[in-house]
Amino acid sequence: MGFLQRPVVVTADINLNVVALTAVGLLSRLWQLAYPRAVVFDEVYYGQYISFYMKRIFFLDSSGPPFGHMLLALGGYIGGFDGNFLWNRIGAEYSSNVPVWCLRLLPALAGALSVPMAYQIVWELGFSPCAAMGAALLVLIENALVTQSRLMLLESVLIFFDLLAVLSYLKFFNSQKHRYGRRGVSSPAGNSLSSQLTALLCPRPFSLSWWFWLTLTGMACSCAVGVKYVGVFTYLLVLGVAAVHAWHLIGDQTLSNVCVLCHLLARAVALLVIPAATYLLFFYVHLALLCRSGPHDQIMSSAFQASLEGGLARITQGQPLEVAYGSQVTLKNAFGKPVPCWLHSHQSTYPVIYESGRGSSHQQQVTCYPFKDVNNWWIIKDPRRHQLVVNNPPRPVRHGDIVQLVHGMTTRFLNTHDVAAPLSPHSQEVSCYVDYNISMPAQNLWRLDIVNRESDAEVWKTILSEVRFVHVNTSAILKLSGAHLPDWGFRQLEVVGEKLSRGYHESTVWNVEEHRYGKSQEQKERELELHSPTESDISRNLSFMARFSELQWRMLTVRSDDSEHKYSSTPLDWVMLDTNIAYWLHPRTSAQIHLLGNIVIWASASLATMVYALLFLWYLLRRRRKVYDLPEDSWLRWVLAGALCAGGWAVNYLPFFLMEKTLFLYHYLPALTFQILLLPVVFEHISNHLCRSQLQRSLFGALVVAWFASACHVSNTLRPLTYGDRSLSPSELKALRWKDSWDILIRKY
Amino acid sequence: MSFKVSFSVPRPAATPHSRRCWELQFLEPVFSRARPARPSRSVMLRATSRLPAARAATTLSAQPRGRRPAPRRRRKELHFPGHPELPLGDFLAGRLARPRVPAGRRAILRRGRMPPAVGRGLAGSELRPRRGRCGSQAARAVGPDVAAEATARSPKRPAPGSRRFEAAGRWALLALVTLMSFATRFHRLDEPPHVCWDETHFGKMGSYYINRTFFFDVHPPLGKMLIGLAGYLSGYDGTFLFQKPGDKYEHHSYMGMRGFCAFLGSLLVPFAYLTVLELSQSLPAALLTAALLTFDTGCLTLSQYILLDPILMFFIMAAMLSMVKYNSCANRPFSAPWWFWLSLTGINLAGALGVKFVGLFIILQVGWNTLSDLWHLFGDCSLSMVRTQVTMGKHLTARILCLIVLPMALYTATYAIHFMVLSKSGPGDGFFSSAFQARLSGNNLHNASIPEYLAYGSVITVRNLRMAIGYLHSHRDLYPEGIGARQQQVSESSVHLCGSRAKLSAVTEPAVTTYLHKDYNNLWIIKKHSTNSDPLDPSLPVEFVRHGDIIRLEHKETSRNLHSHYHEAPLTRKHYQVTGYGINGTGDSNDFWRIEVVNRKFENRIKVLRSQIRLIHLATGCVLGSSGKILPKWGWEQFEVTCSPYLKGTLNSIWNVEDHINPKLPNISLDVLQPSFPEILLESHMLMIWVLWPLPIWWLLYELLGLHKCGSQISNYGNSGLKPKDNEFTSKPWHWPINYQGLHFSGISDMDFRVYLLGNPVVWWLNLLSIGLYLLSGSIVAVAVQRGARLPAEVEGLSWVLLRGGGQLLFGWMLHYFPFFLMGRILYFHHYFPAMLFSSMLTGILWDTLLRLCAWSLACFPLAGGIHAVGILSLLLGIAYSRVLGREASAQVNLDPLGEGLDSAQGV
């Protein structure tokens with residue numbers, strides 16, 4: 001009953017700076033959010049995915065994991081969007097059923113919250129409130145960040161989670177430092193609500209707030225990765241910094257071994273296990289939401305397709321599970337490259353002489369055909385019997401059985417022999433045997449090899465079994481070579497017998513997709529009725545992990561062939577803002593939205609990074625000679641700020657040089673945000689440590705103020721291009737074209 | 001960074017004279033042999049010899065003798081009482097172990113914590129602070145006090161005679177390792193007597209050097225020059241064609257070239273042996289490494305043929321060895337051996353880079369080593385600031401001189417020789433710019449004379465700068481139905497334009513010895529856009545074409561104009577189609593192009609060969625370029641030419657004028673336009689980098705140079721498979737360390753003699769296991785050190801070996817392996833072998849150290865000391881035995897016509 005004796009007191013310590021920054025952040029990002037009421041730039045892609053979510057149709061997007069898309073879809077869900085909008089071109093007007101404001105709300109909120117977070121980060125790094133304020137204001141007025149936040153795009157969300165990961169790690173790290181009682185000079189404890197909580201809850205290791213911030217770090221990291229793959233670089237950076245700190249912890253001999261172990265375990269759980277679990281969770285929700293078949297089904301395996309409502313599941317539902325002698329099947333190749341296709345044959349034969357002068361067997365062609373066709377049906381036959389129908393009871397085919405494959409329409413046997421294949425001369429030709437060529441005996445026995453079997457007596461199952469056909473006479477393996485046959489083969493895909501097969505390759509693996517028991521006679525059909533097929537609920541057979549791994553693998557390997565874009569750019573163009581992207585142009589006036597940064601901020605941020613690097617090197621060399629220019633704690637602050645801000649810039653920027661995909665200016669925004677955070681850090685450092693007299697300090701302060709004023713001015717000048725709210729005259733537009741490489745649209749009347 | 005060890009084994013007596021420099025024993029054996037006679041002569045002489053690692057092994061004998069007084073037998077039978085029957089043990093013992101330790105000493109050792117064998121092994125392995133000329137690494141690592149202490153504990157210098165034996169034993173061991181290596185590599189070197197695998201390229205390129213015919217290859221020239229030199233010296237006349245794998249050499253002398261490669265390949269084993277010895281100071285570790293490499297079938301196979309790999313690996317290993325050697329001289333800067341090893345490092349770096357660009361990795365390693373070395377020097381606060389600056393300046397200059405300037409000079413020199421030797425026109429001409437081709441005798445641009453500046457009415461050929469092989473080309477064939485310009489397929493002949501690859505492939509025919517003759521379909525007439533009057537009319541004045549002019553380009557053969565319009569190009573859908581249009585030069589306004597000079601050095605006029613021009617389409621604003629994609633059959637598989645609306649300037653859209661005919665202008669000799677040597681160097685590098693990158697061009701290169709891999713008929717792949725060779729030859733980097741699949745060197749299906757490049761599985765899997773074990777043990781040790789655990793001196797010494805020596809090797813392995821994951825080009829199994837060398841060395845050090853640690857921790861049990869000896873011996877024997885097994889398997893392979901037993905062998 002202690003609370004009766006002492007009054008319950010809640011002390012809230014509110015940092016008005018943060019509140020004010022949040023307010024202006026919201027204002028700048030949410031102002032006229034629903035304008036323009038038209039599809040702007042990449043909204044055309046993300047909008048499609050939102051529609052898919054609303055209609056719960058499965059899709060595959062190789063650009064990133066599903067969390068970001070789901071967040072956007074959440075906006076649609078809040079706004080009651082029914083998904084009925086044709087996202088076909090940039091600039092199309094939204095119909096009235098599209099809740100534009102709601103759809104754009106989440107990215108805008110993320111963008112707005114980045115402003116106070118920038119403040120908090122610089123603050124937690126141990127710099128002055130003034131520097132923190134500067135960082136937040138720079139993020140606030142950076143035009144490119146504003147533009148990107150106000151649309152249905154994911155960069156602002158990504159930046160939000162990147163910053164959140166860094167911020168919560170810093171909070172965690174600082175709460176850890178309390179234990180040693182050497183909090184930095186400008187400790188923010190007691191100034192903000194969270195810090196107050198921290199202080200209240202006794203900032204010791206393994207306290208509640210300690211756990212909270214540590215877990216939040218992990219969660220934020222996985223959210224960043226879940227929004228876009230590039231988030232992984234920030235994750236790695238945070239992991240790296242945490243590893244260095246953990247290494248120091250190991251070296252701390254005042255701690256007991258058990259204590260160190262607990263510390264390490266806690267970090268491992270929070271920074272490795274939790275993110276992995278969260279990442280899986282995204283996919284779980286994603287797959288749970290998208291349960292209907294859709295346009296991207298073809299890319300996935302048959303089993304995956306069958307797990308979706310409609311599509312293949314509609315065909316395969318109720319078909320017998322176990323393939324028996326006499327079954328009629330279609331065989332799909334598991335490789336799916338260049339296109340998913342089915343084993344196929346048709347009346348035409350191989351040409352007697354190829355263009356290269358080689359000869360063929362002149363037997364019936366066997367190909368792989370990417371469309372559903374009646375010629376894709378094959379009958380599994382027992383070589384010892386003549387009948388092509390299923391017995392009663394059905395005799396299932398097992399691993400290791402010898403079978404013959406009979407082409408349904410032409411009743412010819414799948415055959416291979418020692419004749420070079422048309423396009424892959426090292427492999428054997430595969431044909432349907434025609435017996436007019438007596439010198440070539442039929443070699444049509446195939447041994448069934450179930451690749452994913454669990455035991456050696458496993459039965460061949462529809463859709464689920466991955467099988468290989470090994471030719472009995474020559475040990476060749478039925479394989480899709482991936483080459484397109486010339487005109488005589490109707491440009492279908494070549495199928496060959498691979499003689500020297502080295503290990504497992506997907507191109508040699510086939511699975512049964514459609515399956516029915518043979519019913520060529522009336523009587524047999526009745527039999528079929530009697531032995532009602534075993535219902536196969538395949539969707540339940542495919543576990544979440546199997547679906548996840550397949551989906552993830554496809555997302556990473558599917559290449560969309562976007563080669564060139566009018567506004568694509570190279571990483572070198574980004575540092576000094578040599579490029580822009582026109583996002584939208586008003587259909588009648590010349591009001592337009594551009595992704596165009598505040599060039600003063602970009603240039604000075606790049607400069608600050610350089611200055612930081614040089615100063616850092618200089619101090620490092622001096623320290624090596626035991627000359628300590630900085631007091632130890634400011635040196636540590638300086639290093640940590642560099643590791644997180646300059647490091648954040650580097651890891652978010654440099655990897656793009658190695659990427660082969662089409663790059664755009666907006667890919668630079670996360671790196672830019674980190675670079676902006678470094679700017680006030682460098683200013684404060686110069687002012688505190690490099691300006692020797694008060695006079696110099698004042699002068700420098702005045703310079704910074706002047707510089708900031710110019711940044712504000714530039715930001716204001718470019719504002720029409722950021723919000724697109726004002727139509728500018730051609731001469732004004734020309735005046736805004738400060739760089740020749742900027743592409744500003746000028747309407748010709 | 002050099003590794004630094006400190007080890008203090010309790011020793012009964014101390015003398016400062018037992019520190020000697022192992023390096024110089026190789027350099028100056030005379031000195032070291034002279035040394036025992038006058039033990040305390042001078043600092044310099046003292047430092048020439050250092051306690052040899054060999055003594056580690058010598059003392060293997062001490063333990064059994066100490067524990068069980070064996071009857072004094074002759075040395076050879078004495079030392080491994082448990083395994084008298086093992087030949088290798090016998091050998092080891094014979095070479096190394098000698099009854100040398102005085103009895104009193106033995107007693108003390110026995111009383112020590114360490115089993116004597118291990119203790120003595122460590123004594124050899126380590127740990128002695130070397131303060132002589134080359135030795136203070138240990139002192140640097142642990143600080144002066146420990147060093148002094150360790151010095152105080154140094155054992156008594158053995159009698160001079162024994163040291164001579166020791167040195168002899170060590171030399172003999174090295175000689176034996178070398179001998180084994182040479183014996184295996186040269187065994188049946190002449191088989192098979194036909195061209196194997198890439199011999200077809202490198203042998204051919206060697207022949208080009210002998211014939212002085214110009215060619216182009218993606219690798220720098222040094223390796224092929226050396227092959228050519230070896231062939232030249234051994235009497236090969238360059239007449240063998242090296243057309244395809246499987247061609248019989250017959251009377252041609254090929255053994256010189258193979259012998260040269262095998263010679264360099266054989267040296268890898270002693271190099272690895274010495275490197276490991278230097279890093280770990282432990283003979284068993286070195287022997288283990290040598291055994292791994294000697295008995296590895298992969299290394300063996302790769303060293304036996306005319307390939308770049310043995311040469312490359314030779315330079316890599318030599319650079320590594322000299323770097324390690326130079327590290328151990330670090331305490332004696334600016335001495336003769338220091339300079340020697342430093343400059344040798346630089347020379348080997350140049351060699352490695354000069355053979356293949358893979359050499360960059362070892363350069364990175366040496367660079368990193370140098371940086372950390374300088375960093376430590378810089379942090380050496382025993383010197384005053386001023387002294388430091390002077391010293392640092394000297395150090396820095398020395399390194400820049402030896403590791404940057406010297407390699408650069410040598411590398412450039414190889415190119416100078418390359419271009420000097422290859423003075424005749426040959427198959428590589430087409431890759432290079434026209435200005436370059438003017439240098440080559442036999443080329444039709446050689447000694448040619450053409451008008452210097454472009455004027456209206458000139459007949460020209462236009463060549464793409466980026467494509468390096470493409471001329472703007474047109475012919476009478478139409479674009480097929482459904483592609484691009486649909487409106488004029490019936491009556492108009494729309495002409496498509498291509499870089500003329502098909503024409504160039506004629507180069508591959510052996511009959512064509514000079515540069516290709518001009519195809520008339522490459523000729524264009526440059527005309528003013530406004531008039532159709534013949535500019536060659538003598539009454540009109542000559543008018544030069546200038547930057548910014550609006551022109552028309554008329555195809556000379558078909559009299560159609562270069563034309564573009566808003567139709568998508570056949571392959572690059574976002575670009576516009578380029579066609580030929582019009583009749584007899586009359587077209588429409590879509591035929592107008594603005595000509596822009598990119599490098600405007602010549603007063604806006606357009607200079608033949610040297611001006612780089614862009615053609616901007618006037619109506620659509622797009623720029624003429626080549627997309628680099630290859631058209632299907634209907635386009636004769638030539639390159640697609642498009643008009644790109646994206647004006648971002650790349651080399652794809654830059655052209656230059658090559659041939660130039662204009663009777664109204666005076667001709668000048670092309671010689672004045674010849675590029676200077678730096679320009680040539682730059683051009684050939686740009687070309688190499690560019691060719692190495694994208695896949696289709698790589699494929700093209702093979703076609704152009706006639707470098708088909710055996711039997712693969714590239715043309716059959718058509719457009720669908722832009723792969724250079726059969727899918728089976730290529731592999732993924734993750735295949736390599738697990739020895740997943742090998743590489744056929746010879747005998748695809750029907751030849752009786754089959755060579756298959758595949759590592760000895762025992763060796764490779766042991767290496768793989770060792771890397772994992774190393775990471776595990778390394779991190780345990782590192783954590784222990786970080787936790788401030790007080791390690792016993794022996795363990796500490798071993799941990800240093802593990803962390804420093806092993807760390808360097810692991811770094812080398814990573815550097816030579818991981819970058820391949822980033823490479824887009826086609827990869828082969830043999831790319832892994834440099835990394836494999838490093839991982840073998842790591843295996844040697846790891847197992848030796850682990851076994852020593854094991855023996856140490858079990859020291860309380862009797863015979864624990866034997867663990868090390870037994871472990872090393874069983875590893876050695878296991879490796880050797882696996883090789884014997886492999887040989888049997890290979891015999892089966894030779895008998896097996898179906899090739900089913902191809903997993904494990906090489907056909908020797």
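Both Cys622(B) and Cys643(B) are buried, and in this predicted model the two residues form a disulfide in which the sulfur atoms are 1.9 Å apart. Over all chains the structure holds 2 disulfides and 25 salt bridges.

**The disulfide of chain B**

- The torsion about the S-S bond of Cys622(B) and Cys643(B) is about 95 degrees, so this disulfide is right-handed.
- The pair links distant parts of the chain, since Cys622(B) sits in the loop between strand E10 (613-617) and strand E11 (623-630) of chain B, while Cys643(B) belongs to strand E12 (residues 639-644) of chain B, 21 residues apart.

**The disulfide of chain A**

- Cys341(A) is joined to Cys368(A) by a disulfide with an S to S distance of 2.1 Å, and with 95 degrees about the S-S bond this link is right-handed.
- Distant parts of the chain are linked here too: Cys341(A) is in the loop between strand E1 (327-333) and strand E2 (342-349) of chain A, and Cys368(A) is in strand E3 (residues 364-369) of chain A, 27 residues apart.
- Cys341(A) has a relative accessible area of 0% and is therefore buried, and Cys368(A), at 0% relative accessibility, also counts as buried.

**Other cysteines**

- Cys432(A) is in no disulfide, and the nearest cysteine sulfur, which belongs to Cys368(A), is 13 Å away.
- Cys432(A) is buried, with a relative accessible area of 0%, and Cys196(B) is buried as well, with a relative accessible area of 1%.

**Salt bridges**

- In chain A, the side chains of Glu124(A) and Lys171(A) meet in a salt bridge with an N to O distance of 3.1 Å.
- Glu124(A) lies in helix H5 (residues 100-124) of chain A and Lys171(A) in helix H8 of chain A, so the pair ties together parts that are 47 residues apart in sequence; both Glu124(A) and Lys171(A) are buried.
- In chain B, Glu199(B) and Arg258(B) meet through their side chains in a salt bridge of 2.9 Å, N to O.
- Because Glu199(B) lies in helix H12 (residues 199-211) of chain B and Arg258(B) in helix H14 (residues 255-280) of chain B, this pair ties together parts that are 59 residues apart in sequence; Glu199(B) is buried, and so is Arg258(B).
- Salt bridges that share partners join Asp382(A), Arg384(A) and Arg395(A) into one network.
- A further salt bridge, 3.8 Å from N to O, brings together the side chains of Arg637(A) and Asp633(A).
- Arg637(A) and Asp633(A) are 4 residues apart in helix H20 (residues 632-653) of chain A, so they are separated by about one helical turn.
- An α-helix has 3.6 residues a turn, so residues three or four places apart point the same way.
- Arg637(A) is partly exposed, with a relative accessible area of 21%, and Asp633(A) is likewise partly exposed, with a relative accessible area of 38%.

**Helix H8 of chain A**

- Helix H8 (residues 155-177) of chain A has 23 residues and reaches 33 Å from its first C-alpha to its last, close to the 33 Å expected at 1.5 Å a residue.
- Of the 23 residues of H8(A), 22 are buried, so this helix is largely enclosed by the rest of the structure.

**Annotation from UniProt**

- An unreviewed UniProt entry lists residues 320-383, 394-451 and 455-515 of chain A for "domain: MIR".
- In the model, residues 320-383 of chain A form a span that is 0% helix and 41% strand, with its end C-alpha atoms 22 Å apart.

Key: Residues are numbered from 1 along each chain as its sequence is written. Chains are lettered from A and ligands numbered from 1 in the order in which they are written. This is a predicted model: local features need pLDDT of at least 70, side-chain atom pairs count only at pLDDT 80 or more; totals for chains, interfaces and linings use all residues. Side-chain values use heavy atoms; hydrogens and water are left out. UniProt positions are given in the numbering used here, feature names are shortened, and annotations may be inferred rather than shown by experiment. Helices (H or I, at least four residues) and strands (E, at least two) are DSSP runs, numbered from the N terminus. The expected span of a helix is 1.5 Å times one less than its number of residues. Buried means under 20% relative accessible area, exposed over 50%, partly exposed in between (1.4 Å probe, protein chains only). A disulfide is a pair of cysteine sulfur atoms within 2.5 Å. A salt bridge is a side-chain nitrogen of Lys or Arg within 4 Å of a carboxyl oxygen of Asp or Glu.
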